[in-house]
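Subject: Structure handover

Hello,

Here is the structure I said I would pass on. My notes on what was found in it follow below.

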Amino acid sequence: MKLSNENIAKTSQEIQDFFEKAGISKKDRLKLSLILEESLLRFQEHFGNDYEFKLSMSKWFSAPKIKIRIKGKSLNPLEEIISDEEPIFSPKIMQSLMHYENAGTVYRYENGYNEITAFSTKEQKAVKIPGGSITVAILLAVACTFSVKFLPPNVQTFLVDGVASPVFNTLMSLIVAVNIPLVFFSIISSVCTMEDITTFNTVGSKVIARFFILMFAMVGVAMVICEIFFPDNFI
């Protein structure tokens, strides 16, 4: 493939499409495509439009890799400026573009070929748990409660009376001590911002209904858990 403007533009688009299908983050694939396009333009300026380059795209253990090879004298387009004219990307910008999250670009000269290799890994997406930390805490509590049944009776008594009860009572006291003033001032502030009694009635009824629905739902879940894990103590 010759180093013409048309082929360079086509190659840049193919590179973007390849990285996008491979699941690379948008930021990394844009940086990689810009770096490779600028490198091809610098090769074109140095060697001429009639020079040919080879493009290969592959995957190694699901990691996409692109390799560009041009036969000729050693020239590192990632660092060297070809002409005296102001380049599109200065060396400072080129170095800034090469700060990837999960990617890399490597140049080497081997057996008479200039070779640029760009590689990356899939974007790591954070695992989202419904309910967040509350769900994790509930699951851990259920697991701990279930595992306690297999411990000796004296150890169970110690864990319940000596550890769980004091910690639970302390945390509940702190929650009540902090939340009651916050709830009180929040309600007073909301009431003071109401302009008329109609708005107050509309918003107030919705809040009260939502509160009771949430409370009944929590009580229902607690009853189901108690029935499953504490059938002897469930009333």
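Which residues of the largest nonpolar core touch the most other members? The model is a predicted one, and in it they are Leu 3, Phe 19, Leu 36 and Phe 43, out of 22 residues in that core. Two or more residues each come to this core from helix H1 (5-21), helix H2 (26-47), strand E2 (63-71) and strand E4 (113-120). With six residues, H2 gives the most.

Apart from its neighbours within four places in sequence, Leu 36 is in contact with Ile 15, Ile 66, Ile 68, Ile 116 and Ala 118.

Helix H2 also holds Glu 38. The relative accessible area of Glu 38 is 5%, so this residue counts as buried, the cut-off being under 20%. Pro 77 is 39 residues away from Glu 38 in sequence, yet their C-alpha atoms are 8.0 Å apart in space.

The other item is the largest pocket, which holds about 1,300 Å³ of space. Its lining is made up of 27 residues, and those nearest the centre of the pocket are Ala 137, Ala 141, Val 142, Thr 145 and Phe 168. Helix H4 (133-148), helix H5 (153-193) and helix H6 (197-229) each supply at least two lining residues. H5 gives the most, with 10 residues. By residue type, the lining divides into 22 nonpolar, four polar and one charged.

Regards

Methods. Residues numbered from 1 in each chain as written. Predicted model: local features only at pLDDT ≥ 70, side-chain atom pairs only at ≥ 80, totals over all residues. Heavy atoms only, no water. 1 Å grid on protein atoms, 1.4 Å probe; cavity = no way out; pocket = protein on both sides within 12 Å on 5 of 7 lines; lining within 4 Å. Points joined across faces, edges and corners; volume = space filled by probe spheres on them. Helix = DSSP H or I, 4+ residues; strand = E, 2+ residues; numbered from the N terminus. Nonpolar A, V, L, I, M, F, W, Y, C, P; charged D, E, K, R; others polar. Core = buried A, V, L, I, M, F, W, Y, C linked by side-chain atoms within 4.5 Å. Buried < 20%, exposed > 50% of the residue type's maximum accessible area, 1.4 Å probe, protein only. Contact = heavy atoms within 4.5 Å.
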